[in-house]
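Reader: I have a model open and would like to go through it with you, a piece at a time. Could you take my questions as they come?

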Amino acid sequence: IRMLLDLHPPPGGRREKGICRMFQERRYQDKLVSVWEQLARRYRGRAIIYAYDLLNEPVEGPVAEGCEDWRSLATRVTRAIRAIEPGKPVAFEPAPWGGPDGFDGLVPLDLDRVIYSFHMYRPHVFTHQGVREVPVGAVYPGEIGGERWDKARMRHELGPAIEFGREFNVAIHVGEFSAIRWAPEGSAHRWLSDAIELFEEYGWDWTYHAYREWDGWSVEHGEDPKDRGPSPEPTERMRLLQHWFGKN
């Protein structure tokens, strides 16, 4: 097993609507560079680290005068890393929130060995039902939020990433994807199955979120939200992941 090392919280934190403060204050952009220089020195030469994911789910908002936009800042960070560890692959997640729509109009970084990564949690009212204030009851495939959601609709949602990969012939990595385990009628399994089939169709790498973190995403747990213990038998979702892992 190899690691993709990810910087999760941005320097300076986030403001309303998840906007990263570093796009309003230059000092936090400089801090991002210095943090990655420190990490690169710490992990230099360690083959177990496959790549560095520069920032989890960036959100720019209005970029203040004297600050760089995310593409420019990511380029500066990568060059700082490679001054310490030449050629190290990096993962770049587009703004906003690392979603597939962030590839629409994106110009690739003028660098080699960049993995373009995004997260897939759509439709949010299905994948996150029962989380915070999201109501429960959405079933996939089916009518969700006034739209028909099925594999064809999911393919459409992934369209910007599909076209970006085709146009620029770059590596694509789905860094996170999941559906809440208590989605009705076993529909989390159906959503995951369609998602993985699409990722594999386009030759993308993918990482399921998450293993032994919060049990809401756990494939080791059943569909009952009140049961916080692992299922005594492998769930359909676990067997699905094992099936695909077995091909790699």
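Reader: What do the buried residues of H7 pack against?
Author: This is a predicted model, and in it the buried residues of H7 pack against helix H6 (187–201) and against E8.

Reader: Which residues of H7 are buried?
Author: In H7 the buried residues are Arg237, Met238, Leu240, Leu241 and Trp244. Looking down the axis of H7, these buried residues fall within an arc of 160°, so they line one face of the helix.

Reader: Let's switch to H1. How many residues does H1 have, and how far does H1 reach?
Author: Helix H1 covers residues 26–43, which is 18 residues, and from its first C-alpha to its last it reaches 26 Å, close to the 26 Å expected at 1.5 Å a residue.

Reader: And which residues of H1 are buried?
Author: Tyr28, Gln29, Leu32, Val33, Val35, Trp36 and Ala40 are buried in H1. Around the axis they cover an arc of only 160°, which puts them on the same side of H1. The face of H1 turned away from that buried side carries the exposed residues Arg27 and Gln38.

Reader: At what angle do H1 and H2 pack?
Author: The angle between H1 and H2 is about 30°, and their axes are 9 Å apart. Angles under 35 degrees count as roughly parallel, and that makes H1 roughly parallel to H2. The crossing in which H1 passes H2 is right-handed.

Reader: Which residues meet there?
Author: On the H1 side they include Arg26, Asp30, Trp36, Glu37 and Arg41, and on the H2 side they include Trp70, Leu73, Arg76, Val77 and Ile84.

Reader: While we're at H2, is Thr78 buried or exposed?
Author: Thr78, which is found in helix H2, counts as buried because its relative accessibility is 0%, where the cut-off for buried is under 20%.

Reader: What does Thr78 touch?
Author: Leaving aside residues up to four places away in sequence, Thr78 touches Leu54, Val90 and Leu111. Thr78 and Leu109 are 31 residues apart in sequence, and their C-alpha atoms are 9.8 Å apart in space.

Reader: Where is Trp97, and what is its phi?
Author: Trp97 has a positive phi, near 65°, and is a residue other than glycine. Trp97 sits in the loop between strand E3 (90–92) and E4, and with 39% relative accessibility Trp97 counts as partly exposed.

Reader: And what is the phi of Asn169?
Author: The phi of Asn169 is positive, about 50°, although Asn169 is not a glycine. Asn169 is found in the loop between helix H5 (159–168) and strand E7 (171–177), and Asn169 is exposed, with a relative accessible area of 72%.

Reader: Last one: which residue with a positive phi follows H1?
Author: That is Gly45, whose phi is near 80°.

Key
Residues are numbered from 1 along each chain as its sequence is written. This is a predicted model: local features need pLDDT of at least 70, side-chain atom pairs count only at pLDDT 80 or more; totals for chains, interfaces and linings use all residues. Side-chain values use heavy atoms; hydrogens and water are left out. Helices (H or I, at least four residues) and strands (E, at least two) are DSSP runs, numbered from the N terminus. The expected span of a helix is 1.5 Å times one less than its number of residues. Buried means under 20% relative accessible area, exposed over 50%, partly exposed in between (1.4 Å probe, protein chains only). The arc is that of the directions from the helix axis to the C-beta atoms. Axes are lines fitted to C-alpha atoms, for helices over the stretch in contact, and angles run from 0 to 180 degrees between N-to-C directions. Angles under 35 degrees count as roughly parallel, over 145 as roughly antiparallel, 65 to 115 as roughly perpendicular and the rest as oblique. A crossing is left-handed if the near helix is turned anticlockwise from the far one by less than a right angle, and right-handed if clockwise. Contact means heavy atoms within 4.5 Å.
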